[in-house]
Amino acid sequence: MADMTAAPVYNPLDPAFRADPYPFYDELRSREPAHLTPYGMVVLTRYEDVATTLRDPAMSRDVDANGAPRPDDPVWRRRRERRRDGAKSILNLDPPDHTRLRRLVNKAFTPPAIEALRVSVEQMVDDVLDRAAERGEFELVDELAFPVPFEVISDLLAIPKERGDEIREWSQVLTATLEPTTTVESLAQAEHASAQLVAYLVEIVEERRDNLGDDVLSALLVAEEEGDRLTTEELLAFVVLLYVAGHETTVNLIGNGTLALLRNRDQLARWRDDPGLDANAVDELLRFDGPVQHTVRIPVAPTVFGEGDGAIEAPAGSSVLCVLGAANHDPSVFADPHRLDLTRANANRHLAFSGGIHYCLGASLARLEASVAIGRLIRRFDEIELLAEPTFRDRLTIRGVDRMPLAVRT
Ligand code: HEM
């Protein structure tokens with residue numbers, strides 16, 4: 001039976017938790033695997049519970065459709081209205097709308113379609129590494145981890161890259177609202193950022209209608225025109241999601257992954273010497289310190305989590321936090337889970353890309369970008385040293401390094 005007296009409180013505001021959530025996850029998982037927070041959210045940390053919940057058709061992603069009590073201030077109200085008007089992304093839709101949209105976009109992101117991008121990703125990465133080699137140092141996040149995924153997604157959509165800094169800024173403001181501690185102020189800022197990003201994209205979409213190409217945006221426009229299957233609002237919401245997901249996450253896989261290797265030099269050497277490890281290595285880095293720490297599901301009917309004295313009933317419309325980072329460190333699935341082992345046989349069972357119908361659409365793309373960026377970095381330079389302790393962005397949902405200056409020598 002779980003020892004409730006010593007149960008830790010899930011506190012995303014605690015600086016120690018934010019700095020390194022994994023010891024807290026361990027404690028929660030062993031003492032209170034279904035944990036009820038003071039603000040009424042159920043937190044799941046066991047692999048089986050998280051995997052089952054993500055795949056359960058009775059768990060919704062549609063925060064507005066399930067009678068959940070939500071704050072009644074104007075910012076939340078406007079957010080609800082915008083969603084009702086069709087500006088919902090695929091990530092926040094349930095079937096059948098989710099199925100219809102996902103079918104339309106799947107084709108562009110299949111493993112063969114993504115593999116076709118390899119040569120251009122290699123070229124982008126090599127350009128960055130050439131410049132780094134000349135200077136003997138570079139800043140990993142600003143020079144490699146952010147620009148490569150950003151260029152790739154911009155090329156896929158055939159959207160110009162000149163406004164990269166603004167788009168990065170808007171994306172960061174938008175993803176701040178994914179934090180469990182999001183405030184009305186951050187929602188208001190996101191409203192503003194989203195309006196700017198959408199206005200920019202509307203211009204591009206209108207122009208593209210008359211100049212279709214072989215990019216993903218054109219393909220979606222054709223789908224829109226062939227029948228009433230993808231509305232303009234859906235198209236815009238999807239492009240915003242692609243933009244944000246396309247570079248707010250992979251940047252952290254490249255950053256967190258490189259850091260994990262620099263702290264585990266034996267593993268770095270092993271990967272450097274064995275290109276056959278490329279795929280498994282990236283999966284292990286995703287398991288070890290994945291960019292997306294948790295995601296929410298909403299029960300459509302009252303649902304019991306946990307067993308015995310630890311059982312909790314989550315009401316319909318409440319929030320259930322599936323902690324992917326905790327599931328990925330569950331010792332009942334991953335032996336010695338806090339050890340980085342690029343040869344781990346079951347590394348690819350991680351839930352870093354979620355599971356079920358919302359399984360990450362960009363998984364193949366993220367894997368390609370990370371394996372090329374990190375693989376080529378560690379093979380290009382014999383010496384890679386941290387020039388300063390890396391800093392982490394103060395975020396929990398999308399967690400990652402935001403500055404990592406490196407000295408490099410061939
Ligand atoms: C390492 C990088 C990435 C990670 C860790 C990641 C993680 C995730 C996770 C956890 C989800 C599902 C959330 C849930 O189930 O509630 C998701 C969904 C999604 N991701 Fe990614 N992602 C990454 C990169 C990308 C990239 C590069 C793209 C696109 C170019 C992308 C596009 C999407 C989309 C469109 C969805 C929604 C899918 C749906 O609802 O059916 N992601 N991602």
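**Figure 1. Packing of helix H14 on helix H16.** Helix H14 (residues 250–262) packs against helix H16 (residues 278–289) at an angle of about 95°, and their axes are 10 Å apart. Helices (H or I, at least four residues) and strands (E, at least two) are DSSP runs, numbered from the N terminus. Axes are lines fitted to C-alpha atoms, for helices over the stretch in contact, and angles run from 0 to 180 degrees between N-to-C directions. H14 and H16 are therefore roughly perpendicular to each other; angles of 65 to 115 degrees count as such, those under 35 as roughly parallel, those over 145 as roughly antiparallel and the rest as oblique. The model is predicted: local features need pLDDT of at least 70, side-chain atom pairs count only at pLDDT 80 or more, and totals for chains, interfaces and linings use all residues. Residues are numbered from 1 along each chain as its sequence is written.

**Figure 2. Residues between H14 and H16.** On H14, the contact is made by Leu253, Asn256, Gly257 and Ala260, and on H16 by Leu285, Leu286, Phe288 and Asp289. Residues are in contact if their C-beta atoms, placed from the backbone, lie within 7 Å. By class, this contact has 5 nonpolar, 2 polar and 1 charged residues. Ala, Val, Leu, Ile, Met, Phe, Trp, Tyr, Cys and Pro count as nonpolar, Asp, Glu, Lys and Arg as charged, and the others, Gly among them, as polar.

**Figure 3. Packing of H16 on H18.** The axes of H16 and H18 are 10 Å apart and cross at an angle of about 105°. That makes H16 roughly perpendicular to H18. Asp278, Ala279 and Val282 of H16 meet Arg367, Ala370, Ser371 and Gly375 of H18. The contact of H16 with H18 has 3 nonpolar, 2 polar and 2 charged residues.

**Figure 4. Shell around the ligand.** The ligand is surrounded by 25 residues, of which Thr249, Ser354, Cys360, Gly362 and Ala366 are the closest. A residue is near a molecule or strand if its C-beta atom, placed from the backbone, lies within 6 Å of it. Helix H13 (232–248), H14 and helix H18 (363–380) each supply at least two residues of this shell. H13 gives the largest share, 4 residues. By class, the shell has 16 nonpolar, 8 polar and 1 charged residues.

**Figure 5. The sheet of 3 strands.** The open sheet has the order E4-E12-E9, with antiparallel pairing. Strand E4 (137–139) and strand E9 (383–386) stand at the edges, each with a single partner strand, so one side of each lacks a neighbour in the sheet. From one strand to the next the twist averages 25°. E9 pairs with strand E12 (residues 405–409) in the antiparallel sense over 4 bridges; two strands pair if DSSP finds at least two bridges between them. Glu383 has Arg409 in E12 as its bridge partner.

Figure 6. E3 and strand E5 (residues 294–299) pair in the antiparallel sense over 2 bridges, and Ser60 stands opposite Ile298 in E5.

Notes: Two residues are in contact if their C-beta atoms, placed from the backbone, lie within 7 Å.
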